[in-house]
Amino acid sequence: MEDILAELFRHLVFISEESAGVRAAFEIVLAAARTYAAPSTLEQLEQMTVMTIFAGNRKRPWGQKHRAAFTLIEIMIVVGIIGLLMAVAIPNITKARKSAQRTACIANLKAIEGAKGYWALEMKKGDADVPTDADIFGPDKAIAQKPACPSNGTYDIKAVSEKPTCTVPDHAL
Ligand SMILES: [Zn+2]
């Protein structure tokens, strides 16, 4: 995977010195990579780019002086680079979204746990008592509106001495 990427980068840098259109596409791809790729991947890409630019100054693979239009090879290489970067970036985007949802859900569970404690104290309830939704959620209750899991999990309030749970795996206090 990294070898293929390095090879494609080498070609893209050569081409982009001779074609303004490819240069522009290259810059868009790099900007996308800076936004989405993991820091370690980015470092690799930047190193490859610097290395290949130096290599390109010594020797050019095709030797043409000037070309204005895209060739099929150029387009295929650009599409290949975009595909590879997407493959690198998309799992990171998904991971970041899941992690944010989990954090929000855990904050909800903490709020529910606090509300249970408040309810038990105010109503003089014991460890085994289980509050209903109406006991802890409402305009005059500890939480004004019942929170919802961002991943569509369902909350189980449970007894006072137990931690509330969410049906989504990993969403746990
Ligand atoms: Zn959840």
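**Figure 1. Helices and strands of the protein.** The protein has 5 helices and 2 strands, where helices (H or I, at least four residues) and strands (E, at least two) are DSSP runs, numbered from the N terminus. Along the sequence they follow the pattern α-α-α-α-α-β-β. This is a predicted model, in which local features need pLDDT of at least 70 and side-chain atom pairs count only at pLDDT 80 or more, while totals for chains, interfaces and linings use all residues. Residues are numbered from 1 along each chain as its sequence is written. The average pLDDT (the predictor's confidence in each residue, from 0 to 100) is 80, and 62% of the residues score at least 70.

**Figure 2. Helix H4, residues 72-123.** H4 has 52 residues and reaches 75 Å from its first C-alpha to its last, close to the 76 Å expected; the expected span is 1.5 Å times one less than the number of residues. At Ala89 the helix bends by about 25 degrees, and Pro91 follows within four residues. The bend is the angle between axes fitted to the seven residues ending at a residue and the seven starting there.

**Figure 3. The largest nonpolar core.** A residue is buried if 20 or more other C-beta atoms lie within 10 Å of its own, exposed if 12 or fewer, and partly exposed in between, with C-beta atoms placed from the backbone. A nonpolar core is a set of buried Ala, Val, Leu, Ile, Met, Phe, Trp, Tyr and Cys residues joined through C-beta atoms within 7 Å. The largest one here has 7 residues: Cys105, Leu109, Ile112, Ala115, Ile136, Ile157 and Cys166. H4 gives the most to this core, with 4 residues.

**Figure 4. Contacts of Cys105.** Two residues are in contact if their C-beta atoms, placed from the backbone, lie within 7 Å. Leaving aside neighbours within four places in sequence, Cys105 touches Cys149, Pro150, Ser151, Gly153, Cys166, Val168 and His171 by this definition.

**Figure 5. Two loop residues with positive phi.** Lys124 lies in the loop between H4 and helix H5 (133-136). Its phi is positive, about 55 degrees, although Lys124 is not a glycine. Lys124 is exposed, with 7 other C-beta atoms within 10 Å. Asn152 is in the loop between H5 and strand E1 (155-156). Asn152 is not a glycine either, yet has a positive phi of about 65 degrees. It counts as exposed, with 10 C-beta neighbours inside 10 Å.

**Figure 6. Residues 55-60.** Over this stretch pLDDT stays under 50, and the model has 5 contacts for it beyond four places in sequence. Where pLDDT is low, the predicted coordinates should not be read in detail.
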